[in-house]
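Here is a short tour for anyone who likes to see how a fold is put together.

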Amino acid sequence: MQIDAATSDAALAARFDINALPQGFANDPFPTYRALLEHAPVKRFADGSVMLSRYADLDRVYRDTKAFSSDKKVEFLPKFGQTPLYEHHTTSLVFNDPPLHTRVRKIMMGALTPRAISAMEPGLIALVDGLLNRMARKDNVDLIEDFAAAIPIEVIGNLFVMPHEERGPLRDWSLAILGALEPTLTPQQQEVGNRAVTDFKAYLADLAARRRKEPGDPATDVLTRLINGNEGEQLSDVELLQNCIFILNAGHETTTNLIGNALFELLEWPDERRRLEADPGLIDTAVDEFLRFQSPNQLGNRMTTEPVEFHGEEIAAGTRIHLCIGAANRDPRQYDEPDRLDLTRKPNRHLAFAQGPHLCAGFSLARMEGRIAISRFLQRFPNYRLAGTPQRTGRVRFRGFSHLPAQVG
């Protein structure tokens with residue numbers, strides 16, 4: 001008996017469980033996303049949590065901070081216990097509501113004004129060109145290790161005026177801490193994540209002590225700005241250190257994924273690659289399309305503070321909500337041909353940076369990094385190609401590659 005596609009998709013949506021992901025999901029979640037969008041836009045799990053996948057539903061959640069809380073103190077306690085990971089993920093900007101969220105964001109945004117970001121561009125171009133020069137001298141390169149991951153580490157390090165010789169551990173700390181946000185964790189992942197928070201905090205406490213003795217320019221030095229506060233608002237020592245970790249992590253993982261995913265997709269879609277090479281002016285819309293098509297951050301979370309309703313289904317107060325960003329950015333109700341990469345797509349109001357009060361504070365910086373890195377790479381290495389099997393990170397919350405072996409000559 002032949003089973004039609006709709007029946008097959010309905011069955012796929014019915015058996016999907018965020019807490020017991022099927023084999024191969026991390027490599028290709030999009031068939032599951034399509035099934036959820038059509039057959040289970042309000043997907044309930046045995047643990048009482050609910051996943052939303054449609055664009056309009058996520059947009060509503062992002063904009064309504066009263067009914068949908070970002071505070072994770074209740075949700076994360078069973079997962080982490082009273083550990084360094086718990087302290088970090090319940091103190092950082094992204095997992096908090098006002099007034100902490102408002103206070104930290106206001107202080108931080110003063111160092112990420114359009115003028116401040118524009119002033120970073122010459123240094124970013126020099127950094128990218130230096131990495132390209134180094135790759136040109138190699139027979140084989142890794143587009144992640146040698147390029148995509150190296151860029152945001154230096155950019156964020158510069159924002160904190162961090163000595164270059166002290167930046168070595170940043171990526172491993174970041175990967176361990178953000179890895180703890182996956183839906184399920186092994187004891188080893190918990191241990192590595194907790195150790196990373198402890199080591200990161202110790203380093204930043206020392207760096208902050210040095211900065212208090214020799215303050216930098218608060219217009220360009222994020223750490224000095226966070227130490228000084230804003231208009232009488234001050235961060236506690238814990239808030240300072242944990243939000244420094246958050247900024248360093250948020251600026252690293254997602255931008256690495258943006259650049260790496262883009263370079264991979266240009267190989268998968270050669271007509272779009274030729275289109276961009278023929279018209280470099282498309283790079284701005286191209287960056288937004290890469291962000292939509294392969295969202296660096298695939299999952300978000302909220303907690304309902306009151307009863308809410310979606311598609312005729314009532315969701316009780318105190319329900320954990322999974323926001324499936326990767327699915328929403330492929331919602332056919334929002335986008336024509338959502339599974340096609342279209343570097344000229346307009347409008348493209350994707351959710352890769354969220355929406356509302358929690359709109360990513362560094363979105364302009366991330367766009368600039370993507371624009372400069374991708375465009376200058378293509379200008380320098382128009383004939384690049386894979387030279388081995390790409391390796392994905394295996395994560396479902398953050399979508400990217402750990403290795404992209406290539407030849408650029």
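## Strand β8 and its partners

Asn 301 stands opposite His 322 in β8. That pair belongs to the pairing of strand β5 (residues 299-304) with β8, which is antiparallel and spans 5 bridges. Strands here are DSSP E runs of at least two residues and helices are H or I runs of at least four, both numbered from the N terminus; two strands pair if DSSP finds at least two bridges between them. The model is a predicted one, in which local features need pLDDT of at least 70 and side-chain atom pairs count only at pLDDT 80 or more, while totals for chains, interfaces and linings use all residues. Residues are numbered from 1 along each chain as its sequence is written, and side-chain values use heavy atoms, with hydrogens and water left out.

β8 also pairs with strand β2 (residues 50-52), this time in the parallel sense and over 3 bridges. There, Leu 52 has Leu 323 as its bridge partner in β8. How much of strand β8 (residues 320-324) is buried? The count is 4 of its 5 residues, so the strand is largely enclosed by the rest of the structure. Buried means under 20% relative accessible area, exposed means over 50%, and partly exposed lies in between, with a 1.4 Å probe and protein chains only.

Another place to look is the open sheet of 3 strands, ordered β4-β12-β9 with antiparallel pairing. Its edge strands, β4 (141-142) and β9 (385-386), each pair on one side only. Between β9 and strand β12 (residues 405-407), which run antiparallel, there are 2 bridges. Arg 385 has Gln 407 as its bridge partner in β12.

Helix α10 (residues 170-179) has 8 buried residues out of 10, so the rest of the structure largely encloses it. Among the buried ones are Trp 173, Ser 174, Ile 177 and Leu 178. The buried residues of α10 pack against α5 (84-89), α8 (144-148), α9 (150-159), α11 (187-213) and α13.

Asn 249 is part of helix α13 (residues 237-268). With a relative accessibility of 2%, Asn 249 counts as buried. Setting aside residues up to four places away in sequence, Asn 249 touches His 88, Ser 174, Ile 177, Leu 178 and Phe 200, where contact means heavy atoms within 4.5 Å.

## Glu 314, out in the open

Is Glu 314 buried or exposed? Its relative accessibility is 55%, so Glu 314 counts as exposed. Glu 314 lies in strand β7 (residues 313-315). Beyond its neighbours within four places in sequence, Glu 314 is in contact with Arg 44, Pro 307, Val 308 and Glu 309. Val 42 is 272 residues from Glu 314 in sequence, yet their C-alpha atoms are 9.8 Å apart in space.

## The whole chain

Now zoom out. The chain holds 17 helices and 12 strands. Its radius of gyration is 21 Å, close to the 22 Å that the globule rule gives for 409 residues, so the chain is as compact as a globular protein of that length. That radius is taken over C-alpha atoms, and the rule is 2.2 Å times the number of residues to the power 0.38. Along the principal axes, the C-alpha atoms fill a box of roughly 70 × 50 × 40 Å.

Buried residues account for 54% of the 409. Of the contacts between residues at least 6 apart in sequence, 73% join residues at least 24 apart.
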